[in-house]
Amino acid sequence: MPSHTPHYGRVSRLLHWGMAALFGVQFITAIAHFAFPDTALEAAVWGAHKPLGALLMLLIVLRLVWAVVDRTRRPASVNLAASLGHLALYALMVAVPLVALLRQYGSGRAFAPFGIPLMPGFEGEIEWMTAVGGIFHGLLGWVLLALIVGHIGMAILHRRMAGEDVLVRMLPRLGTHSDTGGR
């Protein structure tokens, strides 16, 4: 098998597009919370923010493990800037929910996304944890959104200006039989 292929495999594509959809919903909940506080829209969507964040944290861990396992069968990076951009995306995808979990624990409130107990509650508060989470969760989340928008923009620019259609690397290869099952 070649060390690098021109396309990502099925698992990588599933994780990429599945997480892209979940991040879309996650940012809709955040925008509704901040742009439309105390409205029916916020009430309808904000309750999904924490459980969805926990799910995204689990998926990013799986995605990182898969990226290491599958590293020799992934397309080579376009350039150093693309590598650094992807590294920043991964770092923020880990950091944003981590500081949220830090804040959640420090608050002393129990956390059981989807009914799965992750953190027991306790009396009191650990102020430095809630302060760090309060300062950085939202800030880093908006930076992550900006990088995601930049990521999408660069894929479009590569196609239109550089003549490199990098987007097809993450799309299913229709009409071919070369796509390996698990990869």
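Q: How much of the protein counts as buried, and what makes a residue buried?
A: In this predicted model, 34% of the 183 residues count as buried. To be buried, a residue has to fall under 20% relative accessible area.

Q: Why is Phe136 called partly exposed?
A: Its relative accessibility is 36%. Buried would need a value under 20%, and exposed a value over 50%. Phe136 sits in between, so it counts as partly exposed.

Q: Where does Phe136 lie?
A: Look in helix α5, which covers residues 127–160.

Q: Which residues does Phe136 touch, and what makes that a contact?
A: Leaving aside residues up to four places away in sequence, Phe136 touches Val99 and Gly141. A contact means heavy atoms within 4.5 Å, so Phe136 has heavy atoms within that distance of both Val99 and Gly141.

Q: How far apart are Phe136 and Ala100, in sequence and in space?
A: They are 36 residues apart along the sequence, and 8.4 Å apart in space from C-alpha to C-alpha.

Q: What share of the contacts joins residues at least 24 apart?
A: Take the contacts between residues at least 6 apart in sequence: 74% of them join residues at least 24 apart.

Q: What pattern does the protein follow along the sequence?
A: Reading along, you get α-α-α-α-α. That goes with a count of 5 helices and 0 strands.

Q: How many positive and negative side chains are there?
A: There are 14 positive and 9 negative ones, and the centres of the two sets lie 15 Å apart. Lys and Arg count as positive here, Asp and Glu as negative.

Technical notes
Residues are numbered from 1 along each chain as its sequence is written. This is a predicted model: local features need pLDDT of at least 70, side-chain atom pairs count only at pLDDT 80 or more; totals for chains, interfaces and linings use all residues. Side-chain values use heavy atoms; hydrogens and water are left out. Helices (H or I, at least four residues) and strands (E, at least two) are DSSP runs, numbered from the N terminus. Buried means under 20% relative accessible area, exposed over 50%, partly exposed in between (1.4 Å probe, protein chains only). The place of a charge is taken as NZ of Lys, CZ of Arg, CG of Asp or CD of Glu.
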